Amino acid sequence: MAPSAAQQFAEISTPEPPGPPRILMRQAVVLGGSMAGLMAARVLSDHAEQVLIIERDPTEGTGPRPGVPQGTQVHALLPAGQTQLDRWFPGFSEGAVEAGAPDYGRTDGRVYINNRLREVPDPPPQRPILITTRPFLESQVRRRVLDLPNVTMVFGRAENLVFTESAVRGVRYVPEGAEEVTEIAADLVVDAMGRSSRLNDWLEEHGWPRAPMQRMPIKLNYASALFERDESVSDAWVVITQETPGEGRIPRIGGVLSVEDNRWLMLVAGYDEDRPSRDAAEYAQRCRAYFPSMFGDIAERGRMIGGVITYHQADSRRRDFHTLERLPAGLVAAGDAVASFNPVYGQGMTSATLHASCLSAWLQTGPDVTTTPAKPYFDKVRVIVDAAWQVSTFADLGLPHITSGQPRGYRVIRWAGDLLLRASMKDEPTCRRLNSVTAMEQHPAALAKPGVVLRALRLRLLGRV
């Protein structure tokens, strides 16, 4: 009997050390040096004599990169992603703290849903909780990957792949500062070029089918700003607030994170025509009017570092490579090149780490990557994508501007989801179960168990939630 999606999810997200190194190829090439590409390179270092990362942005220090316009916005590494980082880089969390990641050891994070503060306290942390900016976290991963003796990074722009009749055999790219295209042989190529990946175009150009794409028109608008952390302004450590769609409510999301270098990174977001601007006065006005008091306090009295940075994401999208009947050998895709979600749920970097574990699970079976299409890999990635897609898009289907695409039974699913969310504000077992799913530590099937929903319903009928 085939394992269920929940069982496969548990196997992929395991904290257990990966299997022993086993060389399967001479050279692997990874296109993209963000989280997905770096994690893929770490896995491939156990299975290739040489791993080459081709990154378009010269990468130094902990600053944002031009190719990641949303890099300065709030990014969350979910607990499942931190587990995978510690799995692939033992001691990663402690090392990040030594490098400057804040480690307050606090459990007083605040969660607001529809202006109500969650009453269930966070449990004591079992390890440092990594709350940082994306550039800082990525720099920690990059350093560890590039310390591996068989991994190298070069800078340049990927132009195309080199195909034979049945496989990908290399990459064509233009090195930084050059004009001529350089061709590099590869036994396996990983597309980690993000949402803007051109892999579908390259496949079609060479006679291969395109991966079908699904889109969810979220029309998300968000703005972030850095502030000097000041206890006289606010004692906020971590604050998450969400206004869900409903009668008389405009959906909005906000967050305050205490990040490295004793700073706050504060986000406010809206949908469709609800657009935060780059004007600092408008940003402060929005924080005061629509979010809990600490948002207004920080925006009005805190010292802003730099300006307000805005970003718009039109849609969530996924490319379903697992559906292709024809796929060349020597090729995989990972991270946002496969699926990118509404960023307010923080699933992106964590999904990238789990895609790396999917790659490891496939390579541990010893395939001939030069002749065997990576369908088993894409089947595993589908489990991760489906889980994240279910959590984020089922919530987004309730946005007022999304008027189609709701699956059969959506009203019942939404009713159950709202019931669980309401119960989680006061009931510890429900809160823990819901958090384990939104943190990508468990498959969403964990919320579909009758006992979970019945408990929340009973609490509702008793008037306790």
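User: What counts as a salt bridge here, a side-chain nitrogen of Lys or Arg within 4 Å of which oxygen?

Analyst: A carboxyl oxygen of Asp or Glu, with the Lys or Arg side-chain nitrogen within 4 Å. Please keep in mind that this is a predicted model, where local features need pLDDT of at least 70, side-chain atom pairs count only at pLDDT 80 or more, and totals for chains, interfaces and linings use all residues. Residues are numbered from 1 along each chain as its sequence is written, and side-chain values use heavy atoms, leaving out hydrogens and water.

User: Happy with that. How far apart are the closest N and O atoms of Asp379 and Lys375?

Analyst: They are 3.1 Å apart, so Asp379 and Lys375 form a salt bridge. Both residues sit in helix α10 (residues 375-396), 4 residues apart, about one turn of the helix. Helices (H or I, at least four residues) and strands (E, at least two) are DSSP runs, numbered from the N terminus.

User: Which strands hold Glu183 and Arg172?

Analyst: Their side chains meet in a salt bridge (4.0 Å, N to O). This pair links distant parts of the chain, with Glu183 in strand β7 (residues 182-185) and Arg172 in strand β6 (residues 168-175), 11 residues apart. Glu183 is exposed at 56%, while Arg172 is partly exposed at 33%.

User: How many salt bridges does the whole structure have?

Analyst: The search finds 30. Arg195, Arg215, Asp315 and Arg317 are linked in a network of them.

Note on methods:
Buried means under 20% relative accessible area, exposed over 50%, partly exposed in between (1.4 Å probe, protein chains only).
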